[in-house]
Amino acid sequence: MLITGEMLIGARAVRGGVAVLRAFDPARGVEIEPAFGGGDRADVALACSLAGNAFDAFRNAPLATRARFLEAIADNILEMGDVLIERANTETGLPKTRIEGERGRTVGQLRLFAALVREGRWLGATLDSSLPDRKPLARPDLRLQKIPVGPVAVFGASNFPLAFSVAGGDTVSAFAAGCPVVVKAHGAHPGTSELVGRAIQRAVIDNGLPEGVFSLLFGAGNEMGEVLVAHPEIKAVGFTGSRRGGLALVDIASKRREPIPVFAEMSSINPFFVLPGALDKRSDEMASALADSIALGVGQFCTNPGLVILLDSPQARTFVESLSVALAKKEEQTMLTPGISAAYRSAIERRSGTRGVEDLAQGVQTGVSCPARPALFATTATDFLASAELEEEIFGPTSLVITCADEAELIGVAEHVEGQLTATLQLEPQDYDLARRLLPTLERKAGRILANGFPTGVEVSHAMVHGGPFPATSDSRSTSVGAGAIERFLRPVCYQDLPVALLPEPLHDDNPLGLWRLRNGKFSLA
Ligand code: NAP
């Protein structure tokens, strides 16, 4: 499939006339053809008005059609074969094997949501029968179902060119809910974005859906995103990226005449607690696996373990030594963009010069383009608690070891950190008492708590939570990965005493869709 550099607005391909954007190959340090035309306000307005026009027809299409649409996107993505893998590899510097894995996840995610749409439990169909003889007041007939919120603006993330981008979790969960989507492509992988955008555009047409169900826009600088979030047709926003970018969009959304929710996944340093029993039992293997997790994907994961917290002891010192040795063997690698690489290198330099911080290890220099050299630092709980700077996310292959004098200090560190996507406990049965005291804090701080695992790697399933209190996300009640992501784009509507002929099908007495429904307080298929 040819990449033309055009935006996809509804069924058309439109060359943006405002600015020229160029894709960049971070591994070779060169620009890649073709040029992409950046859009203007009129392009945003056209995409948003098409999305608004498509909304009712899309949300009222049979659930089977919506599910087939998601499956068609998955098929179209697979059909592109190596063209997509090679383009994503060139634009991001991520290895082909990683991109192939991410494609599998993206396609699996589309199929999971297709099954979810068919099953229909997310509609939350609830029926409370009328009680005409109730005293002192009769109860009316009340029926509830969830409906989609309206067109959603999605910002593709730089670090997952497929799974968190044009057909990523935000787009797919919004489609599953019945919301049209307008994507602002991430400038770090415009060609990948166009290829995936064309796969979605074809699925819209082939399934007879209104063209405004999907648009893809390119824009250089912040203006395109600002105009998109401010557009009155947009009713919610999905974002993954920096804290600064996420908060800027939250600010715009809250100042609109009609404020709208922004589901921004922003910043997390993922505390990793190594408890004494685990140190006694498997210090070396844990140190090696932790070094792998820190360096995985050049550390460009929102779940990267950025803080390693342990109690001071001879065993802890041996573990830190093994971790340093393992990390020092990791090679410098290419990051996603020159900007992300420069930000990493300057953050590492700052950390190295911070009072109370010891440099433990640096990875092997290889001289690659857009480099990130793994780095490990250490500090004490006392210094960590005194320095806000040490809590800042450094996006890349680095971590900070915090040594605590006693259990109270370790719990104090847990209490001090901001909201997180994950918190990990490495533990053995003799650690359960300490873990029990830590857990209430970790529940308040994190969206996902792991035992004896590593936070990098997020399963797409029904029980997954990829979210957490601020600044992990702008709304801790949600997840951006897994089936629960659909809830962000739904709202409940209650129908009181509506004639059956006017009720939506999921709420008909005879349950024609065969849904699990809450009927007079009991789950039933009746
Ligand atoms: P970003 O700078 O936040 O950009 C993400 C998207 O949001 C881009 O499309 C960008 O558009 C747009 N955007 C950013 N600020 C905006 C604003 N003020 N108004 C309107 N739109 C705005 O993230 P990034 O480029 O992916 O990476 C930069 C840094 O973000 C990294 O160094 C890292 O610290 C962090 N990051 C975190 C995660 C995570 O998972 N938590 C993931 C990726 C990156 P333009 O590019 O056109 O401005």
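How many residues does the largest nonpolar core have, and which of them have the most contacts inside it? The model is predicted, so local features need pLDDT of at least 70 and side-chain atom pairs count only at pLDDT 80 or more, while totals for chains, interfaces and linings use all residues. Residues are numbered from 1 along each chain as its sequence is written, and side-chain values use heavy atoms, without hydrogens and water.

The largest nonpolar core has 134 residues, and Phe69, Leu70, Ile73, Ile77, Phe175 and Ile200 have the most contacts inside it. At least three residues come from each of domain 1 (7-122 + 146-266 + 477-488) and domain 2 (271-451), with bounds from an automatic or database domain assignment. A nonpolar core is a set of buried Ala, Val, Leu, Ile, Met, Phe, Trp, Tyr and Cys residues joined through side-chain atoms within 4.5 Å. Buried means under 20% relative accessible area, exposed over 50%, and partly exposed in between (1.4 Å probe, protein chains only). A second, separate core of 21 residues includes Ala287, Val308, Phe319 and Ala326.

Beyond its neighbours within four places in sequence, Phe175 is in contact (heavy atoms within 4.5 Å) with residues including Phe58, Arg66, Phe69, Val181 and Phe214.

Serine 293 belongs to helix α9 (residues 276-295), helices being DSSP runs of H or I with at least four residues. Serine 293 counts as buried because its relative accessibility is 4%. With neighbours within four places in sequence left aside, serine 293 is in contact with Asn304, Pro305, Phe454, Pro455 and Thr456.

Note on methods
Helices (H or I, at least four residues) and strands (E, at least two) are DSSP runs, numbered from the N terminus.
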